[in-house]
Amino acid sequence: MNAIIAQPKDHAAAILVIDDDANNLAIVSSLLQEYSYTIYVAEDGESGIRRALLTRPDLILLDVLMPGIDGFETCQRLKAVEATRDIPVIFMTALAEMDQKVRGFDAGAVDYIIKPLQREEVLARVGVHIHLRHLAMELQESNASLEKRVEDRTASLASTNDELQKEIAERKLAEEALAVKQEQLEALNLSLEQRVVEEVEKNLQKDRLLFQNTRLAAMGELLNNIAHQWRQPLNKIALLIQGCLYESDEGKLEHESFKSCVNRCMELITYLSNTINSFQSFFMPEGEPGEFNPCETVEKSLALVRNSYEENGISVRIMNDGSVPMMGFRNAFSQAVLSMLNNAQQVLLERGTPQPLIEVDCLYRDGKNIVTISDNGGGIDEKIIGKIFDPYFTTKFKAQGTGLGLYMAKMIIEKNMGGRLSARNTKAGAEFTIELPLPDS
């Protein structure tokens, strides 16, 4: 079935892309040009209709949400014109609800591609519908040719009966050929959904690999924090032991002094042991969701990196206004929180913010646990705030970041936990909001 995308005839096809987002136009055009398609673009519905009438493309990729007339009205108007009525339309949209899909099919669309666009899915769906378009045109041409030939033969009924029998035989062969092509069309339709499922599964595997890579990066950061958290307690233990040895050598070591030294050492050793447990639980794999309190998890996550913040003079305040226990993946949630905390720390350090501050507010409202993480670093440039959750998007040098931290945080909150992660600017800086609905709410 993959040969459909690589057929030479399909390569010569013309595709019109209608989308008000210049970035999407560039991505889709670049992807399709790799396979030698002829690409036309339009940035709104009105100009898209004019461009379709002028170029008569083989396929139209149409965004749903656009200024002016939206994708649904654009599609209806294309289907109302004889010149563009038979051109297949595929919607590109982030609206995955069933009623939106039904509305799109009612408007005349033949398929949907859900945003964010996946390369394999776009190529699969475009390739199949271009191929279907060509098969339909071949059928139409074949049928028109057949009808013309029948008309010519009917006009010459005075000729011999043998010629008439030949035409009947040719018509029968043509009908058989039409039946074969119809079976091919039906087979293509049946296989399309299976191919899409396979491509989606491949993308899920890629997402799992991305998640593992970001987790390894988080492990490197946390190992550095282990060194920070252990250095001071170990120094204190060393000083206490040396003090006891000195008093013993001088003959001044008393039982109470020795007992106090031992007790203090045990307290520090217990602290180090608890630190090990915290790091160990963070990296423990989670097979099934369990009960956890979001605010308590935030506090434990912060404990893993607090020393790093203190060394850089960053103050952190946690306000627990009443979050409640819920079911979910605690360690994955902790990783998402750490990604946002580390992102805030990097911004504060890069910008040299005076009296840098990170505030975390946890509360329960309207059936949701809500966690907000805000800083006083001046906020996010409005030109890029809509892209910060895109994979591989980063404003840092490649050596300083991969651009996957916030993307994976959004994947964890929205796909793994069924919640919502958003960002906005406040007067002081940036604010990230996590919303986690409780199953019974």
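Leaving aside its neighbours within four places in sequence, which residues is N24 in contact with?

Mentor: N24 is in contact with D19 and K115, once neighbours within four places in sequence are left aside; contact means heavy atoms within 4.5 Å. This is a predicted model, in which local features need pLDDT of at least 70 and side-chain atom pairs count only at pLDDT 80 or more, while totals for chains, interfaces and linings use all residues. Residues are numbered from 1 along each chain as its sequence is written, and side-chain values use heavy atoms, with hydrogens and water left out.

N24 belongs to helix α2, residues 22–33. Helices (H or I, at least four residues) and strands (E, at least two) are DSSP runs, numbered from the N terminus. With a relative accessible area of 16%, N24 is buried, a term for under 20%, as against exposed for over 50% and partly exposed in between (1.4 Å probe, protein chains only).

Helix α10 spans residues 330–351 and has 22 residues; from first C-alpha to last it reaches 32 Å, close to the 32 Å expected at 1.5 Å a residue. That expected span is 1.5 Å times one less than the number of residues. Of the 22 residues in α10, 17 are buried, and the helix is mostly covered. After α10 comes G352, with a positive phi near 60°.

The partner to consider next is helix α11, residues 405–416, whose axis comes within 9 Å of that of α10 and crosses it at roughly 145°. Axes are lines fitted to C-alpha atoms, for helices over the stretch in contact, and angles run from 0 to 180 degrees between N-to-C directions. On the α10 side, the residues that meet α11 include A332, A336 and N343, and their counterparts in α11 include G405, A409 and I413.

R365 has K368 in β10 as its bridge partner. Two residues lie between the strands of this hairpin, where D366 takes a positive phi near 55°. Strand β10 (residues 368–375) is mostly covered, with seven of its eight residues buried. β10 also pairs with strand β12 (residues 430–437), in the antiparallel sense over seven bridges, and T372 stands opposite T433 in β12.

Methods:
Pairing = 2+ DSSP bridges.
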